[in-house]
Amino acid sequence: MKLTLNLDTTSKYITFWNSIFKLTTKEMSVLLDFVGVSSKYGLCTLESKKAVALNRGITDYNTLNNYVKKLKDKNAIELKNGGYRLHKILSNKENATVTVVRGR
C-alpha cells in the first residue's frame, strides 16, 4: 500500500515527525516560532530569541535558552559549526519516503 500525505505547512510537517522527537506542545510551539523567524535571523540566534520573545510577550529573551537546550537534547535542532540548524528530517529539503515495518 502506498500512502501520500500532503503536509503543506511547516506546522503539519514538524507535527508529523514529532513521534520521533517527542516534543511537548510548548516545545513544538517554540520551535515553530524559531523556524518562522529563522529566514531573517537564523535559527536560535540572539536576534531570533529576541524576536520570538517579543512575539510571545516574554520580557527576558534568555528564558528561551531553556527551550533551545530541550530542543537540542531531543535532537530537533543540532549545533553545527557554531550555529544551530534543524535536524535534517525536519529541514524538509527534499521529499522523504517512509517505510513502516510492523513488529511481531
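Modeller: I start with the whole chain, then turn to the core and the rings.

The model is predicted, so local features need pLDDT of at least 70 and side-chain atom pairs count only at pLDDT 80 or more, while totals for chains, interfaces and linings use all residues. Residues are numbered from 1 along each chain as its sequence is written, and side-chain values use heavy atoms, with hydrogens and water left out.

The protein chain has 4 helices and 2 strands. These are DSSP runs numbered from the N terminus: helices are H or I with at least four residues, strands E with at least two. The order from the N terminus is α-α-α-α-β-β. Along the principal axes, the C-alpha atoms fill a box of roughly 50 × 30 × 25 Å. Of the 104 residues, 28% count as buried. Buried means under 20% relative accessible area, exposed over 50%, and partly exposed in between (1.4 Å probe, protein chains only).

Now the core. The largest nonpolar core holds 24 residues. Such a core is a set of buried Ala, Val, Leu, Ile, Met, Phe, Trp, Tyr and Cys residues, joined through side-chain atoms within 4.5 Å. Leu31, Phe34, Ile77 and Leu90 have the most contacts inside this core. Helices α1 (10-21), α2, α3 and α4 each supply at least two of its residues. The most comes from α2, with 6 residues. In soluble globular proteins, nonpolar side chains tend to be buried together.

Across the chain, 44% of the contacts with a separation of 6 or more link residues 24 or more positions apart.

Next, helix α3, residues 46-56. Ser48, Lys49, Ala51, Val52 and Ala53 are buried there. Their cover includes α2 (25-41) and α4 (64-73). Just after α3, Gly57 takes a positive phi of about 75 degrees.

On to the rings. The whole structure contains 2 aromatic pairs. Rings of Phe, Tyr and Trp (its six-membered ring) pair if their centres lie within 6.5 Å; planes under 30 degrees apart count as stacked, over 60 as edge-to-face and the rest as tilted. Tyr13 and Trp17 are edge-to-face, because their centres are 6.4 Å apart and their planes stand at 65 degrees. These two sit 4 residues apart in helix α1, so about one helical turn separates them. Tyr13 is buried at 10% relative accessibility, and Trp17 is buried at 11%. The other pair joins Phe16 and Trp17: centres 5.1 Å apart, planes at 80 degrees, so again edge-to-face. Phe16 has 35% relative accessibility, so this residue counts as partly exposed. Together, Tyr13, Phe16 and Trp17 form one aromatic cluster.

Last, the segment before α1. Lys2 is found there. At 77% relative accessibility, Lys2 counts as exposed. Lys2 and Thr99 are 97 residues apart along the chain, yet their C-alpha atoms are separated by 9.6 Å.

Methods. Contact means heavy atoms within 4.5 Å.
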